Amino acid sequence: MAANTVARCHNIDDLRRLAARKVPKLLFDFIDGGAEDEVTLRRSSAGFDRYQLVPHNFVDVSEIDISTEVMRHRIAAPLIVSPTGLPKLFHHTGEESLVPAAGKHDIPYTLSSASSTSIEGVGNLSSGPKWFQIYVWKDRAIVRDFIERCRNSGFSALCLTVDVPITGNRERDVRNGLAMPLKLTLPMLLDMLGKPAWLYNAARNPTPNLANLADRVEGNTSTADLSRYTEEQLDKTVSWDDAARMKEQWGGPLAIKGVLRAEDASRAAEMGFDAVIVSNHGGRQLDHAPAPIDVLPEIVAAVDGRAQVILDGGVRRGTDVLKALSLGATACMAGRPYLYGLGAGGQAGVERAMEILKGEIRRDLMLLGCAKATDLGPQYLRQIS
């Protein structure tokens, strides 16, 4: 049934609307919303509109290649699944749908530190490329433990996220009463009753929890206690020395995520990071921060080929990906498109999101007169005011 429903979705916005009908409002808004006035959230997608794609004619596009190499791994398309916390809130399968879908489409899946399936559990879900998103925790033993667990579970890369010294002010969640522990109100209950499939599966499955931290809190390991523990462990004194130590401990491909300044990107490249991920955390942290696409050119220039540059934020169309690649990005990260798919129809919905984006990239490359995604460059763009 889910496969038939999502098959009628022809773009990411169709999946978004379907997810909004199937997932309770307070949880859909958790996926969909941003910080404060959501200016950054809107800019992240709108920024792509400042660029036009200029086709080349008389080009052989009978064979299109959208593959690329990211973090020392060849992937089928310039797409990466961003880390997103507790996806089992939105659909009872969570990572059990997201990871196999990414593996089937041969694109990297990035597991959140706040995942609802453990590192070890995800390691067994797919043989595809898997990355792990990690913070610098106050308790450095957590960092060492996570690194060792990723190494033993077949993860190929780490993604150090540096833009969360404190959780952003996400006012949709405050207004909806999304807090831990969740206190159900009559409007919440009525909304959930209007989402019978979600409610049925939520009742039949355990309450989603922060699986990677369950053994860190003595006694009560409720989501509320683990969420408080996570907030307390976010280190507000993180330095470049901490990043260097993590790089040494891991010894494999490592990206730094949350970069919006050229000088920070240059420093990361100088230190030997494999990739710089240009990200405003999906507009969920500092409102009025720039859109990733707006600072991408200056960051690409600052890195100057010493590291790969990945754009994270605002991607909803294949044309968005082509614009980012033309400005020097190696690939694009996205989270919401796949969560919309998850909420709309479990693994079938996630796969549909991936099919849509890959299909658009392939079609739009052909229309652009470019046979290989890796051949994209500024010659295919025209910037408008």
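1. Helices (H or I, at least four residues) and strands (E, at least two) are DSSP runs, numbered from the N terminus. The structure is a predicted model, in which local features need pLDDT of at least 70 and side-chain atom pairs count only at pLDDT 80 or more, while totals for chains, interfaces and linings use all residues. Residues are numbered from 1 along each chain as its sequence is written, and side-chain values use heavy atoms, with hydrogens and water left out.

2. Helix 7 covers residues 140-152, 13 residues in total. From its first C-alpha to its last it reaches 19 Å, close to the 18 Å expected at 1.5 Å a residue; the expected span is 1.5 Å times one less than the number of residues. At the N-terminal end, D139 caps helix 7, with a side-chain oxygen 3.0 Å from the backbone nitrogen of A141. Just after helix 7, G154 adopts a positive phi of about 85°.

3. Which residues of helix 7 are buried? They are I142, V143, F146, I147, R149 and C150. Here buried means under 20% relative accessible area, exposed over 50%, and partly exposed in between (1.4 Å probe, protein chains only). Seen down the axis of helix 7, the buried residues fall within an arc of 165°, so they line one face of the helix; the arc is that of the directions from the helix axis to the C-beta atoms. An α-helix has 3.6 residues a turn, so residues three or four places apart point the same way.

4. The structure holds 0 disulfides, a disulfide being a pair of cysteine sulfur atoms within 2.5 Å. C159 is in no disulfide, and its nearest cysteine sulfur, that of C150, is 11 Å away. C159 counts as buried because its relative accessibility is 0%. C370 is likewise in no disulfide, the nearest cysteine sulfur being that of C332, 15 Å away. With 2% relative accessibility, C370 also counts as buried.

5. R284 is placed in the loop between strand 9 (275-279) and helix 14 (292-303). Leaving aside residues up to four places away in sequence, R284 touches F30, I31, G33, G34, A35, G168, R170 and R336, where contact means heavy atoms within 4.5 Å. A polar atom of the R284 side chain lies 2.7 Å from the backbone oxygen of F30. The C-alpha atoms of R284 and N4, 280 residues apart along the chain, are separated by 33 Å.

6. Strand 11 (residues 331-334) is covered on both faces: A331 and M333 are buried on one side, and C332 and A334 on the other. In a regular strand the side chains alternate between the two faces of the sheet. Strand 4 (residues 79-81) runs parallel to strand 11 and is joined to it by 3 bridges; two strands pair if DSSP finds at least two bridges between them. L79 stands opposite C332. Strand 10 (residues 308-312) is also parallel to strand 11, with 3 bridges joining the two, and I310 has A331 as its bridge partner.

7. E351 belongs to helix 16 (residues 336-368). With 10% relative accessibility, E351 counts as buried. Its side chain makes a polar contact with the side chain of K104 at 2.9 Å. A polar contact is a pair of N or O atoms within 3.5 Å; within protein, one must be able to donate a hydrogen and the other to accept it, and residues adjacent in sequence count only if both atoms are side-chain atoms. Not counting residues up to four places away in sequence, E351 touches A101, K104 and H105.
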